[in-house]
Amino acid sequence: MLRTEEFTLNMGPQHPATHGVLRLILHLDGETIVKVEPVVGYLHRGIEKLAEARTYTQVIPYTDRLDYLAAMLNNLGYVQAVEKLMGIEIPERAEYIRIIVSEMSRIASHCIAVGTYALDLGGFTGFMYPFREREKLMDMFEMISGSRMTHSYMRIGGVAADLPEEFYPAIKKFLKEFPSCVDEYDGLITGNEIFQARTKGVGVLSQEKAVQYSISGPTLRGSGVNYDLRKARPYGIYDRFDFEVPVGEKGDCFDRYYCRIQEMRQSHRIIEQALEQLEELPGGPVMAKVPKVLKPPKGEVYHEIEGAKGILGYYVVSDGTTKPYRVHIRRPSFINLDLLDEMCRGWKIADVVAILGSIDIVLGEVDC
Amino acid sequence: MFGSGLLKGLAITWKEMLTPKVTIQYPDEIYSLPDRFHGRFKLDKDACISCGMCVRACPNNVIKMETETVARKKRLLKYVMDIKYCLFCGFCVESCPKNALGYEKDFELAQYKLDKVPLVLVDEEPLPPEEKERLEAEAAQKIAAAKAKKEASGGKDKGGE
Amino acid sequence: MESNKVAEQLQEYFQSIGNNRKVLTVSPDELIPLMYRLRDEYEFNYLTDETAVDYGDYFEVIYNLSRVPQGDILMVKTKVDKEKAEVPSVFEVWPGAIWFEREIFDLLGIKFTNHPDLRRILLDDSFEGHPLRKDFQWVGGREV
Amino acid sequence: MENIFVNISGSIRELIGVLGLPPLFNEAVMITVKVTGILLFIVLNALWLVYMERKVAGYIQCRYGPNRVGPKGLLQTAADISKLISKEIIIPSGADKILFLLAPVLIFTPPLMVFMVVPFGQNMAAVDLNIGVFYFLAVASLSTVIFWIAGWASNNKYSLLGGMRVVAQMISYELPMVLAVLGVVMITGTLNMSDIVRAQENLWFIFAQPVAFLIYFIAGVAECNRVPFDLTEGESEIVAGPFTEYSGMGFALFFLAEYTNVMLVSFMAATLFLGGWLAPFGLTIIPGWAWMLIKVYIMIFLFMWLRWTYPRVRVDQLMGFGWKVLVPLSLANIFITGVAIKVLDKMGW
């Protein structure tokens, strides 16, 4: 009798396809996955604890370092939470700027998701093209905030500074070029038969499971659940824009990937509209009148926004002093990773990479 | 038809092969940095009033400042930024009431030796005691003179009333 | 928001609930039946967030529930003794709670009874103490 | 120009002949000279191909590729190789030392052996073997064993997985390759490569046997372990497959061997399907060996173009495609070729 044996393979924490320092313990039967155990925490910096020792404003640079691929969105979630706690109304101009930069951030993040997904499946060129567009976005972020990745641009009560003059031509040029770039990704990656063979029907996540397991973001929408906080519970001024929520059908890797591609197009639409409306606005302040030393009243707030990876929630407790009593961050990547085991079972090693890539995690956020 | 996607991919990569490249050839070609770029810090020593706002604004205790008070005036002795802990968030620059702190467009902050990493913006010896005394005496004189003048003029004013 | 209505309705049924700004407060013993009711009767089918706060002499575990895809949100709180920090796990109601609860266990040291896999998640297995507790003291870092 | 290499070899032969040594010795010297020449050609070409691949990749990906070391970055590979040579060869604990060190040494042998029979131009095969095609197929598949040795000896799970993948993949793609080549052999009735080239005087076999060419090409990509069939390396899945534990020169040899294999498959494609040294459109100004190289480089570029466009297939899809599509297709091709040969024969063509 031939006797076979399961064997364990340590994938990570140093591995080309785990998108950071994620360790996956794979239990394998040949190349078939029996069980996956994600081990996280290699990048744990204790941001929630650090926040307790900082003033409300000083927490902002730390939120950048959660999902460092979409730092603006992290900023946005935090400052909106504190504003909700303090009841601050921010100037209209700041609202528009926030929408523009956060949607740019979403595009940048999805560019990475799409690009690294192509790389995970072995297509190196598919990785470079989205990065090229992301680079243009980074340049614009640099104009706005002075930093390419960790912007710390938003402030409680508005944004740090108005958009610079040189930003407008740059964004217009980008908006003009971007649809054809997405077409290029579509042609090179989405339409490729090998890519489709690798992703269609792989790692199916049913609608019920996705909701039960608190999955969010494009991963949830890929399973066919139309739940985008920008529509379901509009925050900021998202109710003023006309856009659609792309939803998948089958919940496989391809649907999750394709949701991101379509979301990039929708974000592009939002930026276009926001820019148009912003230019009609008269110039004005971009900061509300807030005291220099922030002392929110005693209380607590839970605020959620739709981040690039999913629902990004901030739970801030104030005890009336200048420092937050507790900051908790609901990180979408962390929760989405929970279901990796179930999605991978029965698939091959190569599919683990494909499924992990389709969830689109970023380890700064997973480990907090 | 099966295979059309494959051919389309080939067409796209062929097209890209012939389009101009986007690389900036860094040391030869200079990348134009925007005005707001967060690079090396610079401090306008004369404008600085040593108020310590930047020290308090910093989320990560990067800035170390030492001052001495000479003739009731704060004098900056040391202004060192432990740049390896810096988040480049810009809160210190923003908090400066006199716009003394700012950015340069220099981003090559890497060093070979760890002790070279902290960014020393001001490093001055404390004034020698004689000098200090002299300055203090001078200041005291000035103040006294001003006071006397004020009193004199004030007396006149009063008298006028 | 509609969650207010839910709270009003539920107040009649659950005597221990205090309605405090759209927040349902429940004791740990009654938590699981309430959660089942919220899920089945009131269609809060999505657990967006679960966290806990150390208030010195007691813990508070906070659940944020949502209706998907309508988007309503409801906060449920439960108070836990510091001496006997145990809460029933809600993973039967929402399986997504597994990692939330592992994180809370890791950082605050609240035990979730019936939890299938209650291990540390972010910190090292040999780590001592729970860093998000207010009495946690750690010596080290760059100042030393 | 046409016969420059043949003349050089002739004059060397004459030179040795003057010494009046036994003919066996003369033959031995000649073979040594030829092997050295081919080895030089292979290694230099492999170095050039590494550079070319990086340039092609760069241009496809909107960047320049290597352009700092030497003019236009031409010395980049030389710099890389010298760096790799100076690196320590780390032998992992628990590795089978002898096999671990032997694998990178051996990896160059099968391609080198095959290059001995490749006709670089008219009368330019080092050894004009009359079972050349058979020899090529037999020897080229030996590299499977060497990859497996590397994978096994490394004592690393990724290497082992990579090694297993190599064996599975090479064996499944050997078959359609052989069957595709069979179509050509059936038409010519010979296994001698020079004769096969001569038989293409009127019509290149790519036009007579397009399906066979396609199958040969796909199987060739798989044999070289290149995208979209680079599962052996599969850097996003199994890190680097059998080469994971290799460092320094061991890795460099595997790396160069990959390009040698690419060259080999391209040479064979040019010989079997693209008319070898024969000049198209009567452009005989360019010598035959140059035509051969041009054809080979077109093939190599095709390989690179594919590599930088496609993602990788999965292991079961790879096997499925090999056994369920390529093998039946090549069998059908043989059948049709056989019928056609008979019919045309009867018709008196």
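## Contact between chains D and A

Two residues are in contact if their C-beta atoms, placed from the backbone, lie within 7 Å. By this criterion, in what is a predicted model, 24 residues of chain D are in contact with 27 residues of chain A. On the chain D side, at least two residues each come from α8 (157-188), α12 (235-238) and α15 (315-346). The element of chain D that gives the most to this side is α12(D), with four residues.

The side of chain D that touches chain A is made up of 12 nonpolar, five polar and seven charged residues.

## Nonpolar core

The largest nonpolar core holds 279 residues. Those that touch the most other members are A:Val352, A:Ile355, C:Ile110, D:Tyr216 and D:Ala269.

With residues up to four places away in sequence left out, D:Tyr216 touches D:Met177, D:Ala180, D:Val181, D:Ala269 and D:Phe273.

## Architecture of chain B

Chain B contains four helices and five strands, in the order α-β-α-β-β-α-β-β-α from the N terminus. Its radius of gyration is 28 Å, well over the 15 Å that the globule rule gives for 161 residues, so chain B is more spread out than a compact globule. The C-alpha trace of chain B spans about 105 × 45 × 30 Å along its principal axes.

Of the 161 residues of chain B, 19% count as buried. Where contacts in chain B link residues at least 6 apart in sequence, 75% of them join residues at least 24 apart.

Definitions and conventions:
Residues are numbered from 1 along each chain as its sequence is written. Chains are lettered from A and ligands numbered from 1 in the order in which they are written. This is a predicted model: local features need pLDDT of at least 70, side-chain atom pairs count only at pLDDT 80 or more; totals for chains, interfaces and linings use all residues. The radius of gyration is taken over C-alpha atoms; the globule rule is 2.2 Å times the number of residues to the power 0.38. A residue is buried if 20 or more other C-beta atoms lie within 10 Å of its own, exposed if 12 or fewer, and partly exposed in between; C-beta atoms are placed from the backbone. A nonpolar core is a set of buried Ala, Val, Leu, Ile, Met, Phe, Trp, Tyr and Cys residues joined through C-beta atoms within 7 Å. Ala, Val, Leu, Ile, Met, Phe, Trp, Tyr, Cys and Pro count as nonpolar, Asp, Glu, Lys and Arg as charged, and the others, Gly among them, as polar.
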